[in-house]
Amino acid sequence: MLLEDKVVLITGASRGIGRATALEAARQGANVAINTYRDAKAAAEVVAEIEALGRRAVAIDGDVALPDSATGFVSAAVEAFGRVDVFVSNAGICPFHAFLDMPVETLRRTMEVNLHGAYFMTQAAANQMVKQGEGGAIVAISSISALVGGEMQTHYTPTKAGVHSLMQSCAVALGRHGIRCNSVLPGTIATDINKDDLADPAKREYMEGRIPLGRLGRPEDIASVVAFLASDMASYMSGAALLVDGGAFANFQ
Ligand SMILES: NC(=O)C1=CN([C@@H]2O[C@H](COP(=O)(O)OP(=O)(O)OC[C@H]3O[C@@H](n4cnc5c(N)ncnc54)[C@H](OP(=O)(O)O)[C@@H]3O)[C@@H](O)[C@H]2O)C=CC1
Ligand SMILES: C[C@H](O)[C@@H]1OC(=O)[C@H](O)[C@@H]1O
């Protein structure tokens, strides 16, 4: 097992990639603290699924856009499990919208959840790891969108480039403490975040057609890579970005 007896914290773990990552961490032997936001029922289900795998879990409610949610999440996790070994910054939103009439509030909220949220949470987790003095691993879910644009994602793609950049700078800032910081760049993974966008059969077919492996990603495709980066198997990786997209980025023509 890659994460035996580690304490793993994950934001936005009620569903999608966060949920799959929480379950994979438990399968790999970790006890898991999940941050959730609006869906207490889904949070309770994830906790029950982790417990069914024989590991311990707690769910802590909080909007990642608020600095207090970060300190609250980390202190609740430490209260439950005594320490933090791995932090996964996953929570994110992507309300598709055109550029020319982007509502200010949509731009602001996307920046605050995706980028400020990753910043506050990473900072709180890192402070706990530094206090423990035994290093740690931080993995942020960035995106293929850190590298390429999207017509309806002008507010979103900069946050994903920012998350990747945050991990690079944190790798520099935290290396002396033995804390590794890396990002994962998923391609198109079928989750609720793009359910409406991909409900258009033409858009779905186009996106699938871009992928050499011939299918959209599944949350589990990302969870296994996060587990690897969080584990000692990746002990000399820091400041790196792993693209997990079925080959989509490489497919120019
Ligand atoms: N799916 C994809 O194709 C890709 C996704 N990503 C990134 O992966 C991450 C996860 O997305 P994905 O699983 O697809 O999407 P989902 O919509 O399935 O899940 C998003 C999760 O984030 C949580 N969340 C949203 N806002 C907040 C908030 N303010 N505070 C705390 N939690 C919040 C949601 O909680 P709640 O249930 O309460 O709303 C939910 O658990 C995102 O950062 C996304 O940008 C990157 C590349 C591709
Ligand atoms: C929400 C998008 O469908 C998804 O998220 C990303 O980061 C990529 O742009 C994916 O296509």
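Two strands are taken to pair if DSSP finds at least two bridges between them. In this predicted model, strand 2 (residues 31-36) and strand 3 meet that condition, since five bridges join them in the parallel sense. One residue pair illustrates the contact: Thr36 has Asp61 in strand 3 as its bridge partner.

Seven strands form an open sheet, with parallel pairing and the order 3-2-1-4-5-6-7. Strand 3 (57-61) and strand 7 (241-244) are the edge strands, each pairing on one side only. From one strand to the next, the twist averages 15 degrees. In general, the strands of a sheet pair through backbone hydrogen bonds, and the pairing is either parallel or antiparallel.

Two helices that lie across strands of the sheet were examined. Helix 4 (residues 104-132) lies across strand 2, strand 4 (86-89), strand 5 (136-141) and strand 6 (179-186). The angle between helix 4 and strand 4 is about 175 degrees. Helix 7 (residues 219-230) lies across strand 4, strand 5, strand 6 and strand 7, and runs at about 165 degrees to strand 6.

The cysteines were considered next. A disulfide requires a pair of cysteine sulfur atoms within 2.5 Å, and by this rule the count comes to zero disulfides. For Cys170, the nearest cysteine sulfur is that of Cys181, 5.2 Å away, and Cys170 is in no disulfide. Cys170 is buried, with a relative accessible area of 14%. Cys94 is also buried, and its relative accessible area is 9%.

Notes: Residues are numbered from 1 along each chain as its sequence is written. Chains are lettered from A and ligands numbered from 1 in the order in which they are written. This is a predicted model: local features need pLDDT of at least 70, side-chain atom pairs count only at pLDDT 80 or more; totals for chains, interfaces and linings use all residues. Side-chain values use heavy atoms; hydrogens and water are left out. Helices (H or I, at least four residues) and strands (E, at least two) are DSSP runs, numbered from the N terminus. Axes are lines fitted to C-alpha atoms, for helices over the stretch in contact, and angles run from 0 to 180 degrees between N-to-C directions. Contact means heavy atoms within 4.5 Å. Buried means under 20% relative accessible area, exposed over 50%, partly exposed in between (1.4 Å probe, protein chains only).
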